[in-house]
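Have a look at the sequence and the 3D picture, and then we'll go through what can be read from them.

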Amino acid sequence: LAVQWNSSGAYVWKLADKKVQQVPVRIIQRNSDSVLVQAELVAGDSVVVEGLMTLRSGTQVRVQETPSGATRSKP
């Protein structure tokens with residue numbers, strides 16, 4: 001869900017300090033429930049999976065806990 005496309009190729013929105021930044025990705029493998037990408041991301045980085053159409057680089061977001069313990073962010 002996190003992988004988006006524009007004229008430059010695939011990217012994700014990385015969350016850092018409650019702001020998002022666009023990070024280019026290269027898809028290595030796609031499965032029915034996950035995608036393996038090569039990008040300037042490290043283990044533990046958060047990426048946005050909802051509300052993607054309203055984001056721009058530098059947009060400040062709120063992170064919300066979900067009942068399952070995952071986090072959600074909203075612009």
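We'll start with charge: the structure holds 1 salt bridge, meaning a side-chain nitrogen of Lys or Arg within 4 Å of a carboxyl oxygen of Asp or Glu. Side chains of opposite charge can pair when their charged atoms come close. Here the partners are aspartate 45 and lysine 14, and their closest N and O atoms are 3.6 Å apart. The pair ties together distant parts of the chain, 31 residues apart: aspartate 45 is in the loop between strand S4 (35–39) and S5, while lysine 14 is in strand S2.

Before going further, a word on where all this comes from. This is a predicted model, in which local features need pLDDT of at least 70, side-chain atom pairs count only at pLDDT 80 or more, and totals for chains, interfaces and linings use all residues. Residues are numbered from 1 along each chain as its sequence is written, and side-chain values use heavy atoms, with hydrogens and water left out.

The score called pLDDT is the predictor's confidence in each residue, from 0 to 100. Its mean over the chain is 83, and 85% of the residues reach 70 or more. Which elements have the lowest and the highest mean pLDDT? Strand S7 (residues 71–74) has the lowest, at 52, and strand S3 (residues 19–30) has the highest, at 93.

**The overall picture**

The chain has 0 helices and 7 strands. Helices (H or I, at least four residues) and strands (E, at least two) are DSSP runs, numbered from the N terminus. Reading along the sequence, you get β-β-β-β-β-β-β.

Of the 75 residues in the chain, 25% are buried. Buried means under 20% relative accessible area, exposed means over 50%, and partly exposed is in between (1.4 Å probe, protein chains only). The chain exposes about 5,600 Å², with carbon and sulfur atoms supplying 49% of that; such areas come from the Shrake-Rupley method with a 1.4 Å probe, and for residues only the protein chains shown count as cover.

What about contacts, meaning heavy atoms within 4.5 Å? Taking those between residues at least 6 apart in sequence, 38% join residues at least 24 apart.

**Back to the salt bridge**

Is lysine 14 buried or exposed? Lysine 14 counts as buried because its relative accessibility is 16%. Not counting residues up to four places away in sequence, lysine 14 touches a whole list of residues, including Val20, Glu40, Leu41 and Val47.

Together with Leu1 and Val49, Val47 forms a nonpolar patch on the surface, with about 300 Å² of accessible area in total. Patches are made of residues with over 30% relative accessible area and no salt bridge; like charges are joined within 9 Å, and nonpolar side chains (Val, Leu, Ile, Met, Phe, Trp, Tyr) within 5 Å.

**Around the S2–S3 loop**

Aspartate 17 and lysine 18 are both found in the loop between S2 and S3. Each has a positive phi without being a glycine: near 55 degrees for aspartate 17 and about 65 degrees for lysine 18.

Lysine 18 meets another part of the chain here. Leaving aside neighbours within four places in sequence, lysine 18 is in contact with Thr59, Gln60 and Val61. Lysine 18 and arginine 62 are 44 residues apart in sequence, yet their C-alpha atoms are 6.6 Å apart in space.

Threonine 59 is in the loop between S5 and strand S6 (62–65). Its side chain reaches the backbone oxygen of arginine 56 at 2.6 Å.

Glutamine 38 is found in strand S4. Its C-alpha atom is 6.5 Å from that of isoleucine 27, 11 residues away along the chain. Beyond its neighbours within four places in sequence, glutamine 38 is in contact with Pro24, Val25, Arg26 and Ile28.

Here is the accessibility of some of these residues:

| Residue | Relative accessible area | Class |
|---|---|---|
| Aspartate 17 | 76% | exposed |
| Lysine 18 | 53% | exposed |
| Glutamine 38 | 44% | partly exposed |
| Threonine 59 | 19% | buried |

Methods:
Contact means heavy atoms within 4.5 Å. A polar contact is a pair of N or O atoms within 3.5 Å; within protein, one must be able to donate a hydrogen and the other to accept it, and residues adjacent in sequence count only if both atoms are side-chain atoms.
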